[in-house]
Amino acid sequence: MEKRVQLEMRTMKPDQIEELILDNCRSTTIVGLTDDFVNLETLSLINVGLTSLKGFPKLPNLKKLELSDNRISGGLNLLHTSPKLSHLNLSGNKIASLEALEPLKEFKNLKSLDLFNNEATTISNYRELIFDLIPSLKFLDGFDAEDREAEDSENEDEEVNGNEDDSEEGEDEDDEGLEDEEEEDIEDDDDVGLDAVYKENLDEESDGDDYEGEAGEEEDDDVLDEEEEDGEDGAEDGAEAEGAEDEEEAAAEEESQTRGKKRKHEGEEVN
């Protein structure tokens, strides 16, 4: 235990320490603790193997003492050097009678006492007798004289911390909710953007169709114009050809008439 005390102290001095946890270090008596721990308020000696409190130092400011799961059967008078003691846990020890608990009636500040798994708890009217024995006692084994559960500071702290944790979780959930909403908004924006893109593409395609239609119409107009021009040219060529044929026929007729006249004149001359 002495080595464990030195280890827990680290570089601090005894009068600087307010809490000392020596659980599970093996010793049958108190060793390594001295009267120099004048400001110690919490001392834990759970499952150490103590058979007595011999060597318990003078700790004038000690308020909470954990001695559960040892083999203590008496000698509680050695705790009188700690008059401010308010919480004492002796559960899981070898206390078998009320006489062993008699020294505790001198503690004017003792509010909470735990005696679970001690033979003394099997005594008839055990709870009433203990409350009568220790006038300052408010809670025995976690319940008051009316069997109402104790609301110790640790539980309150846990509840407070729990509320804080809940509030932090709520804030995280709110933040996550906001993030989810923002993501949904972004997705909606993306959807709107996609719709707009699709619409623009559709508009462009429709415009393209219009352009193609107009271009097609222009091309058709050009083709018609060309065909009309070709038709006009053909008509002109046909008319020219017909005029040429008429001229040729007229020339041929004129020539035949001339020849007839010439032949007639020659005949007259012969006669």
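Biologist: What pattern does the chain follow when read along the sequence?

Modeller: The pattern is α-β-β-β-β-β-α-β-α, with 3 helices and 6 strands in the protein chain. Helices (H or I, at least four residues) and strands (E, at least two) are DSSP runs, numbered from the N terminus. This is a predicted model, in which local features need pLDDT of at least 70, side-chain atom pairs count only at pLDDT 80 or more, and totals for chains, interfaces and linings use all residues. Residues are numbered from 1 along each chain as its sequence is written, and side-chain values use heavy atoms, leaving out hydrogens and water.

Biologist: What does pLDDT say about the protein chain?

Modeller: pLDDT is the predictor's confidence in each residue, from 0 to 100. The chain averages 76, and 56% of the residues score at least 70. Over residues 153–162 pLDDT stays under 50, and the model has 3 contacts there beyond four places in sequence; a contact means heavy atoms within 4.5 Å. Where pLDDT is low, the predicted coordinates should not be read in detail.

Biologist: How do you know that S4 and S5 pair?

Modeller: Two strands pair if DSSP finds at least two bridges between them. Strand S4 (residues 87–89) and strand S5 (residues 112–114) have 3 bridges, in the parallel sense, and His87 stands opposite Ser112 in S5. The 6 strands form an open sheet in the order S1-S2-S3-S4-S5-S6, with parallel pairing.

Biologist: What makes S1 and S6 stand at the edges?

Modeller: Strand S1 (19–21) and strand S6 (139–140) each have a single partner strand, so one side of each is left without a neighbour in the sheet.

Biologist: Why is Ser68 called buried?

Modeller: Ser68 has 7% relative accessibility, so it counts as buried: the term means under 20% relative accessible area, while exposed means over 50% and partly exposed lies in between (1.4 Å probe, protein chains only). Ser68 lies in the loop between strand S3 (64–66) and S4. Among the residues it touches beyond four places in sequence are Asn47, Asn89 and Ser91.

Biologist: Which classes do Asn47 and Asp147 fall into?

Modeller: Asn47 is partly exposed, at 32% relative accessibility, and lies in the loop between strand S2 (42–44) and S3. Although not a glycine, Asn47 has a positive phi of about 55°. Asp147, in the loop between S6 and helix H3 (153–270), is exposed, at 53%. Its phi is also positive, near 60°.

Biologist: What makes a set of residues a nonpolar core?

Modeller: The members are buried Ala, Val, Leu, Ile, Met, Phe, Trp, Tyr and Cys residues joined through side-chain atoms within 4.5 Å. Here the largest such core has 44 residues, and those with the most contacts inside it are Leu43, Leu88 and Leu113. The elements giving it two or more residues are helix H1 (2–9) and helix H2 (126–133), and H2 supplies the largest share, 4 residues. Leu43 touches residues including Leu20, Phe56 and Leu65.

Biologist: How do you know where the buried residues of H2 lie on the helix?

Modeller: These residues are Tyr126, Ile130, Phe131 and Leu133. Seen down the axis of H2, they fall within an arc of 160°, so they line one face of the helix; the arc is that of the directions from the helix axis to the C-beta atoms. The buried residues of H2 pack against S5 and S6, whereas the face turned away carries the exposed residues Glu128 and Asp132.
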